[in-house]
Amino acid sequence: MGPPVPDAQALALRAVHRAASDLRRGTPVLVAGPQGPLLVAAAETVGARGLAELAAAALAPPCLLLAPIRAAALLQRPIPAAVQRADAHPSEARWLEEGVVALRLPAGLLDPAALKRLADPVAERLLPEHPEMQPAPPLAAAGLALAKLGRLLPALVAAPAREGAAEALGLLAVPAAEILAYPTSAATSLARVAEARVPLEDARDARIVAFRAADGGIEHLAILVGDPEKLAAEGGAPLVRAHSECFTGDLLGSLRCDCGPQLRGAIARMGREGAGVLLYLAQEGRGIGLVNKLRAYTLQDQGLDTLDANRALGYGADERGFLVAATMLQQLGIPRVRLLTNNPDKMAGLAACGIIVDGREAHQFDANGVNDKYLETKAERFGHLLR
């Protein structure tokens with residue numbers, strides 16, 4: 001008997017995972033679609049070799065793909081919103097359809113150091129030349145989505161590819177449709193892979209269950225206190241918290257956020273109640289990753305709040321998804337929960353994914369003199385119930 005053959009979903013997830021890893025290494029990737037293949041390389045990681053490979057396989061001079069807010073900062077002028085389509089210049093029409101801006105890259109900017117400065121709002125802004133807008137190529141949105149999956153700045157050097165050139169250079173090709181489907185596919189393919197009893201300081205009767213998606217990527221964890229599965233089987237609604245990992249707050253005790261107190265407070269409360277589930281999700285920095293969160297902190301020190309700092313990096317205000325948490329709860333046999341949260345979006349998101357939310361349990365901690373503005377932003381701009 002030969003080795004097992006992975007199913008189509010697993011193969012698709014692997015391809016996207018590998019493509020995101022190639023971008024992180026500075027290697028160009030081919031995004032395939034019916035409009036023709038698009039070569040992309042991450043502006044923050046591509047080096048001289050990657051640019052040479054891209055040039056060798058390209059049909060036309062490369063451009064820089066950016067989120068509109070980052071492009072507006074570089075061009076130092078507003079980018080027309082989609083509702084202003086009728087007033088937009090014809091050369092700007094394509095990106096309005098995809099939410100992507102393409103900038104022409106003159107020779108002076110086709111340099112790894114210059115590309116890093118174009119991609120990163122934290123970097124020095126002095127540039128030898130200034131780019132201008134051009135129509136975005138097809139598949140641009142899928143390219144930026146792939147960069148985000150790699151927790152990279154959504155800034156790509158891109159060019160249409162010559163037929164067969166990418167294959168000759170050994171560059172990985174991945175269908176655009178698989179990139180765009182990846183968040184849902186990865187979430188729904190989660191499976192339990194390991195578990196162990198781990199007594200905790202505030203909850204001695206605790207177990208940790210690890211979940212992994214079919215692409216073999218980063219694991220998500222469920223911390224089970226007591227026997228919430230039995231409570232659920234009897235028709236009850238265990239106390240549940242969906243907690244996004246926070247290296248600085250959870251492990252280091254950072255005062256910039258309230259993540260550490262929320263994590264420890266949730267476990268302590270579940271220990272007192274005798275049962276509960278804390279879903280520890282690999283969604284650092286509201287889904288932008290640790291490196292980008294540190295960049296966002298620098299922007300916050302320059303005057304932006306949490307929401308605007310994420311947007312300045314080219315990300316959405318909150319890039320997390322709730323399907324991961326819902327799938328973990330379904331795997332644990334817990335269809336009904338009392339949600340420990342201040343965030344109404346978590347309640348709505350879990351409900352939209354099929355979890356019955358019996359009610360919200362408040363989970364608020366006092367400001368510490370450092371995170372006061374952070375908590376104000378949560379309440380005023382993210383709608384968290386902190387007042």
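1. In this predicted model, Arg295 is buried, its relative accessible area being 15%, and its side chain meets that of Asp120 in a salt bridge with an N to O distance of 3.3 Å. The two partners belong to distant parts of the chain, 175 residues apart, with Arg295 in helix H13 (residues 290-301) and Asp120 in the loop between helix H5 (112-119) and strand S5 (133-134). Asp120 is likewise buried, with a relative accessible area of 14%.

2. A second salt bridge joins Arg25 to Asp22, where the closest N and O atoms are 2.2 Å apart. Both residues lie in helix H1 (residues 8-25), and because they are 3 residues apart there, about one helical turn separates them. Arg25 counts as exposed at 57% relative accessibility, whereas Asp22, at 12%, counts as buried.

3. Glu195 and Arg207 also form a salt bridge, their closest N and O atoms being 3.6 Å apart. Glu195 lies in strand S8 (residues 191-197) and Arg207 in strand S9 (residues 206-212), so this pair ties together parts that are 12 residues apart in sequence. Through shared partners, salt bridges join Arg192, Glu195, Arg207 and Glu229 into one network. Glu195 counts as partly exposed, at 45% relative accessibility.

4. At the level of domains, the protein is divided into domain 1 (8-181) and domain 2 (190-283 + 320-382), and 35 Å separate their centres, taken over C-alpha atoms. The contact takes 5 residues from domain 1 and 4 residues from domain 2. Between them the domains bury about 370 Å², 61% of it on carbon and sulfur atoms.

Key:
Residues are numbered from 1 along each chain as its sequence is written. This is a predicted model: local features need pLDDT of at least 70, side-chain atom pairs count only at pLDDT 80 or more; totals for chains, interfaces and linings use all residues. Side-chain values use heavy atoms; hydrogens and water are left out. Domain bounds come from an automatic or database domain assignment. Contact means heavy atoms within 4.5 Å. Buried area is the accessible area (1.4 Å probe) that two parts lose on being put together, summed over both. A salt bridge is a side-chain nitrogen of Lys or Arg within 4 Å of a carboxyl oxygen of Asp or Glu. Helices (H or I, at least four residues) and strands (E, at least two) are DSSP runs, numbered from the N terminus. Buried means under 20% relative accessible area, exposed over 50%, partly exposed in between (1.4 Å probe, protein chains only).
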